[in-house]
Amino acid sequence: MSWLWKPAFDPLKDVPDLTGKVAIVTGANSGIGLVTAQQLALAGATVYLACRTEFKARAAIEELESTHESLKGQRRLKFLKLDLESVKHAKRAAEEFAGLDYLGPFTFTTTLLPLLTKTATLPHKDVRIVTLSSDAHQATVDTKKIRTFATVEDFNRTCSDEWEQRDERKARWERYGLSKLCAVLFTHTLSLPPHSNHGGVIPLCLHPGLIQTPGMFATLEKLPTFFQFLGRLLSRTPMQGATPVLFAATSPKIREAEDEWRGKYLVPSCKVGSTTGVTEERAAELWKTSEEVVRRILENGRV
């Protein structure tokens with residue numbers, strides 16, 4: 001039901017020329033990530049497919065190059081090994097490039113931040129950080145569970161496995177929503193001083209919608225018939241899901257009015273949406289504690 005969204009941005013026509021630009025796309029061997037990498041490369045960008053499994057990434061690169069004549073022999077698609085479930089590996093992958101885990105993306109992005117900010121000072125700068133979130137972040141804020149990240153202990157309680165002691169399906173949903181809330185808070189902090197002083201870097205996060213993936217269909221099979229029907233009716237293709245991603249990453253409109261877009265949360269129609277549970281205090285707590293948690297993991301292998 002793409003008519004529900006009607007985005008003004010058409011990725012097949014509106015992505016500008018990206019020759020000379022460099023992009024890193026995580027999870028790029030399938031789904032939204034694969035489509036995003038494809039469209040960026042077709043527009044001229046050099047695209048690093050940041051994936052956990054090399055053979056899947058290589059297969060995706062081979063498929064794209066064999067499908068699109070303009071990509072053959074251009075070496076615009078490259079593999080970057082990245083496992084976002086491992087904080088140490090996320091940091092190592094980011095360092096190599098510069099040369100359900102929020103901490104992985106946090107570590108990867110913050111490790112790259114000096115390179116991104118330096119790049120943003122160059123002529124014709126256009127550096128953006130696009131993070132996938134979900135409208136599921138709004139559901140977790142309404143639970144009775146305390147949402148505080150003031151200390152490492154608070155972080156552990158908020159993100160602990162105690163959730164698994166309750167209804168398993170509900171616990172998984174809440175943990176997913178919490179990780180998406182963290183993504184929104186992370187983007188919000190990137191938009192504030194001192195991070196907003198980092199040249200012209202524009203951070204955005206977005207909800208791509210319910211995307212048609214094998215995982216989605218497997219989940220629907222476990223639901224009552226009515227919800228299966230509703231899920232299939234409202235779901236979107238990977239190309240439709242990649243549309244707000246490509247808009248956030250490439251649209252000239254964002255650069256032309258960067259102060260209006262910086263730190264915003266986008267919905268599938270490529271418009272600014274509303275968030276829940278986002279406060280400067282909570283965002284600042286999460287950032288500070290995330291740095292401490294990552295430091296402990298890198299030094300001791302655990303929190």
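Helix H10, covering residues 238–250, has 13 residues and reaches 18 Å from its first C-alpha to its last, close to the 18 Å expected at 1.5 Å a residue (the expected span being 1.5 Å times one less than the number of residues; helices, H or I, of at least four residues and strands, E, of at least two are DSSP runs numbered from the N terminus). This is a predicted model, where local features need pLDDT of at least 70 and side-chain atom pairs count only at pLDDT 80 or more, while totals for chains, interfaces and linings use all residues. Residues are numbered from 1 along each chain as its sequence is written, and side-chain values use heavy atoms, leaving out hydrogens and water.

At Pro244, H10 bends by about 30° (the angle between axes fitted to the seven residues ending there and the seven starting there). Pro244 is also among the buried residues of H10, along with Val245, Leu246 and Phe247 (buried is under 20% relative accessible area, exposed over 50%, partly exposed in between, with a 1.4 Å probe and protein chains only).

Over in helix H13 (residues 280–300) sits Arg282. Arg282 is buried yet has no salt bridge, and the nearest side chain of opposite charge, Glu285, is 6.0 Å away (a salt bridge needs a side-chain nitrogen of Lys or Arg within 4 Å of a carboxyl oxygen of Asp or Glu). What Arg282 does have is the backbone oxygen of Gly277, 2.6 Å from a polar atom of its side chain.

Then there are the loops. Arg75, between helix H2 and strand E3, has a positive phi near 55°, and at 64% relative accessibility Arg75 counts as exposed.

Terms used
Lys, Arg positive; Asp, Glu negative; His and termini not counted. Polar contact = N/O pair within 3.5 Å; in protein donor to acceptor, adjacent residues only side chain to side chain.
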